[in-house]
Amino acid sequence: MMFCYQCQETAKGTGCNVRGVCGKTEDVAKLQDLLIYTLKGIADIIKKDKLDVKELSEVNHKVIESLFMTITNVNFDSAALEKKIDEMISLRDSLKSKGTSENYHDAATFQAGSLEEKLKKAEGVGVLSTQDEDIRSLKEMNIYGLKGIAAYLHHAINLNKDSDEITDYIYDTLAATLDDSLTVDDWVARTLKTGQYGVSVMALLDQANTERYGNPQISEVNIGVRKNPAILISGHDLNDLEQLLEQTKDSGVDVYTHSEMLPAHYYPFFKKYPHFVGNYGNAWWKQLDEFPSFHGPILFTTNCIVPPRSEEVKSRIFTTGAVGYPGCTHITADENGKKDFSQVIELAKTLDPPDEIESGTIVGGFAHEQIFALADKIVNAVKSGAIKKFFVMAGCDGRMKSREYYTEFASNLPDDTVILTAGCAKYRYNKLDLGDIGGIPRVLDAGQCNDSYSLAVTALKLKEIFELDDLNKLPIAFNIAWYEQKAVIVLLALLYLGVKNIHLGPTLPGFLSPNVAKVLVENFGISGIGTVEDDIKLFMENYFLK
Ligand code: SF4
Ligand code: SF3
């Protein structure tokens, strides 16, 4: 039996055990468990032998990519996962040959063998192998946080920004999951530390993105189409986008973004490409409706890929990096990180231009520097009472009907409130006409989910401006939507920064045991969502500067 409860859509809110709601097969789920177990073995060796991570960059990068491969909707390809396990076991064994310990954990010594043997081994090392439900809950929450950290670090590394300190923490926590002597208190303390590294990695990625591509600026993004053949690029990796834009220059092929790639349009660097036309469609889960009418090839640089419904769409999907889908062409980087997208471009030339599904523009680009540039205006609007409250509504979107709550919530907020958003959660309200307050739009999009960091920086800046001793005294409420493990690290980062009373929805994580949920409620005031009406009332009552 498989068992996975890492995402918000987990079956019955408790766990997928036959097949993933996401489409993950039992074999894929088990291979992901075994891959994680192998990574724990590598961490065991590194910690026991006190190896210096600075000298292990090849292993580090492969561990980071492996963690990324196990995030929801990243990799559905059992062959790719099996290959990765074999590769990591051989790297693990060569690390061990340098070591001195005689006391390695089974994770560092087991041998994998055939697919059947791998699947059998996986049965005993997955989530349910931890008996105590509270320890299991905390351990898994930390592993999901590490997956989020790994995803963001992977993007930073692609832009030549690495961090041995963050990598060392990943090993430290992976190794800790093998230590049965750790208590609930130890794990609670580690959870906040994981949040601390979440802040560090988002700051590192922010630096990597802004140093290379400039600081996001207020931008109008076209959501209509032109008449040229085109490629749709999805996911979060800006370096992949840069390479694709360079290679499609003067080819007659346009490039559009989908879902989490939308914020690329906010960076000054990407504005120089006239064939970088706009954004096509909405959040990830709408791809099933939107890809058929796009007609051109689709390049997935990261999550979220949804198993395609037709062979026709599947034949146009290409994957790269940690992403994989059986039957889709995977493009790998050469030793210098260069990727050759010529087959994607050649295919595009033979296909029809996209059908228009929307028209007009949307506005975004409110990352920290742009907000700072508007700081006077914003502060005056708060002081005059024109803005009563900010709502951080960052995170992920998803296909559950209950997420209509977020559209309704945004539509029903009083006119003197502003939504700060990041991540694909934005698609629930970024096309509503919510107007502006003295020229400040009522929905300010900072960027991708990792740009939640920008929202935290904004909050810290406001705390300084208003000379407050506590972030929670600001007129900012947090109503976060989550789906996958990057949202878990964003949440842990906010907890580490001391943000209290976060509402988390549309459902609380299935991986929270009742006791762990209680700790989060009692110490951080975390709660789920209620009705739109009740929640707005509750949020508006707690108004600072009364
Ligand atoms: Fe289920 Fe989510 Fe795991 Fe997929 S990632 S198997 S939907 S819990
Ligand atoms: Fe979205 Fe998958 Fe999480 Fe980066 S693309 S936020 S869900």
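# Helix packing and ligand shells

User: At what angle do α2 and α3 pack in this predicted model?

Analyst: The axes of α2 and α3 are 11 Å apart. Helices (H or I, at least four residues) and strands (E, at least two) are DSSP runs, numbered from the N terminus. Axes are lines fitted to C-alpha atoms, for helices over the stretch in contact, and angles run from 0 to 180 degrees between N-to-C directions. For α2 and α3 the angle is about 150 degrees.

User: Is α2 roughly parallel or roughly antiparallel to α3?

Analyst: Angles under 35 degrees count as roughly parallel, over 145 as roughly antiparallel, 65 to 115 as roughly perpendicular and the rest as oblique. The angle of about 150 degrees therefore makes α2, relative to α3, roughly antiparallel.

User: How are residues, chains and ligands numbered or lettered, and which pLDDT do side-chain atom pairs need?

Analyst: Residues are numbered from 1 along each chain as its sequence is written, while chains are lettered from A and ligands numbered from 1 in the order in which they are written. Side-chain values use heavy atoms, leaving out hydrogens and water; totals for chains, interfaces and linings use all residues, local features need pLDDT of at least 70, and side-chain atom pairs count only at pLDDT 80 or more.

User: Is the crossing of α1 and α3 left-handed or right-handed?

Analyst: Helix α1 (residues 26–48) and helix α3 (residues 78–98) pack at an angle of about 15 degrees. A crossing is left-handed if the near helix is turned anticlockwise from the far one by less than a right angle, and right-handed if clockwise. The crossing of α1 and α3 is left-handed.

User: Which residues of α6 meet α2?

Analyst: Helix α2 (residues 57–69) and helix α6 (residues 164–176) have axes 11 Å apart. Contact means heavy atoms within 4.5 Å. Val59, Asn60, Val63, Ile64 and Leu67 in α2 meet, in α6, Thr167, Ile170 and Tyr171.

User: How many charged residues does the shell around ligand 1 have?

Analyst: A residue counts as near if one of its heavy atoms lies within 4 Å, and those around ligand 1 include Cys4, Cys7, Cys16, Cys22 and Lys24. Ala, Val, Leu, Ile, Met, Phe, Trp, Tyr, Cys and Pro count as nonpolar, Asp, Glu, Lys and Arg as charged, and the others, Gly among them, as polar. The shell divides into seven nonpolar, four polar and, in the charged class, one.

User: Which domains does ligand 2 lie between?

Analyst: Among the residues around ligand 2 are His236, Glu260, Cys396 and Glu484. Domain bounds come from an automatic or database domain assignment. Ligand 2 lies between two domains because both give residues to its shell: domain 2 (219–349) and domain 3 (365–540).
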